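Please find below a colleague's note on the structure shown here. The points are numbered so that each may be checked against the model.

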Amino acid sequence: MVVLFPFIPLVLGSVSSGWRFGEILPSNYSMDGYEYVLKNRSTWVGMGYNLSIAYTVAVINLFLAIPAARFLFRKKSRFKGIYMVILFAPLIIPSLSSVLGIHYSMIIYGLTDNLLGVILVNIIPSFPYVLLSLYGSFKGFPKRLEESALIDGVSKFQMYRYIILPILLPGILIGSTISILISLSEYILTLLIGGGEIITLPILMFPYLSSGDKVVGAVYAILFILFNVIGILVFELGIRFGLKKITKVR
């Protein structure tokens, strides 16, 4: 109940029509906010961009983080500490501190104002969390299992397919969930690199919440919450189904 409490005024605000300061409940109710948001073409375009960016970033993060986590955990190197500092740097350095450098680099390589640039820039804050989740999963991964498989003649591809991926499933689900949440909520980097050409739900919602129509802002906020929950559930189901197919022994 305590968790749900902050959402009660949000829901009431989304259907209010003239909720004045000091009133416990709105005096009038209306669905105009929902009608405006759902009929607005930008809403659906924003949801499409949001989902395509978040899903693509999550898949790229998994492809990069699984071998990176295995390398960090298995390999013994005197440079391991340096590798970890570099890979986990976005967790330590505030993104706002590096945002101007990122923007300048993106301009040089022609990656501003397009979808590819936004996808790449969303990898920066989300990748360390995926790597951290998978690095933790590798700690419970018995090295002898890999060694036994290699002795039995299993190729590296088969080892990833039939041994590593099923064991890493919890870490994959946690890491991809965090990655999707970060990408769906990213505002500053998407606005800066997208240059107004790539519109997502946070970009649409923020002006209404800060100084615009509060009713529309509340509708966007509710839509954003539902969109996040459904988006994550669909991706997780897809990952489970995909891994089940890939790792099935024929």
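**Notes on the predicted model**

1. The crossing of helices α11 and α12 is left-handed, meaning that the near helix is turned anticlockwise from the far one by less than a right angle, whereas clockwise would be right-handed. The contact draws on L201, P202, L204, M205, Y208, L209 and S210 from α11, and on K214, V216, G217, A218, Y220, A221, F224 and F227 from α12; contact here means heavy atoms within 4.5 Å. Sorted by class, the residues of this contact are twelve nonpolar, two polar and one charged. Ala, Val, Leu, Ile, Met, Phe, Trp, Tyr, Cys and Pro count as nonpolar, Asp, Glu, Lys and Arg as charged, and the others, Gly among them, as polar. Helix α11 covers residues 201-210 and helix α12 residues 214-247; they pack at an angle of about 145 degrees, with axes 8 Å apart. Axes are lines fitted to C-alpha atoms, for helices over the stretch in contact, and angles run from 0 to 180 degrees between N-to-C directions.

2. On the basis of the note: this is a predicted model, in which local features need pLDDT of at least 70 and side-chain atom pairs count only at pLDDT 80 or more, while totals for chains, interfaces and linings use all residues. Residues are numbered from 1 along each chain as its sequence is written, and side-chain values use heavy atoms, with hydrogens and water left out.

3. The chain has twelve helices and zero strands. Helices (H or I, at least four residues) and strands (E, at least two) are DSSP runs, numbered from the N terminus. The C-alpha trace spans about 75 × 45 × 30 Å along its principal axes. Of the contacts between residues at least 6 apart in sequence, 74% join residues at least 24 apart.

4. Buried residues make up 41% of the 250 residues in the chain; buried means under 20% relative accessible area, exposed over 50%, and partly exposed in between (1.4 Å probe, protein chains only). The largest nonpolar core has 55 residues, of which L131, L134, I172 and Y220 touch the most other members. Such a core is a set of buried Ala, Val, Leu, Ile, Met, Phe, Trp, Tyr and Cys residues joined through side-chain atoms within 4.5 Å. Helices that each supply at least two residues of this core include α3 (41-74), α7 (115-139) and α9 (156-185).

5. Which residues does Y220 touch, not counting residues up to four places away in sequence? They are V37, N40, T43, L201, L204, M205 and Y208.

6. S126 lies in helix α7 and counts as buried because its relative accessibility is 0%. Leaving aside residues up to four places away in sequence, S126 touches V57, N61, S179, I182 and S183.

7. The structure holds one salt bridge, defined as a side-chain nitrogen of Lys or Arg within 4 Å of a carboxyl oxygen of Asp or Glu. The side chains of E35 and K39 form this bridge, at 3.1 Å from N to O. E35 and K39 are separated by about one helical turn because they stand four residues apart in helix α2 (residues 32-39). E35 is partly exposed, with a relative accessible area of 42%, whereas K39, at 66%, is exposed.

8. Two further residues deserve a look. D113, in the loop between α6 and α7, has a positive phi near 60 degrees, in a residue other than glycine. Most residues other than glycine have a negative phi. D113 is partly exposed, at 43% relative accessible area. P170 is placed in helix α9 and is partly exposed, at 49%.
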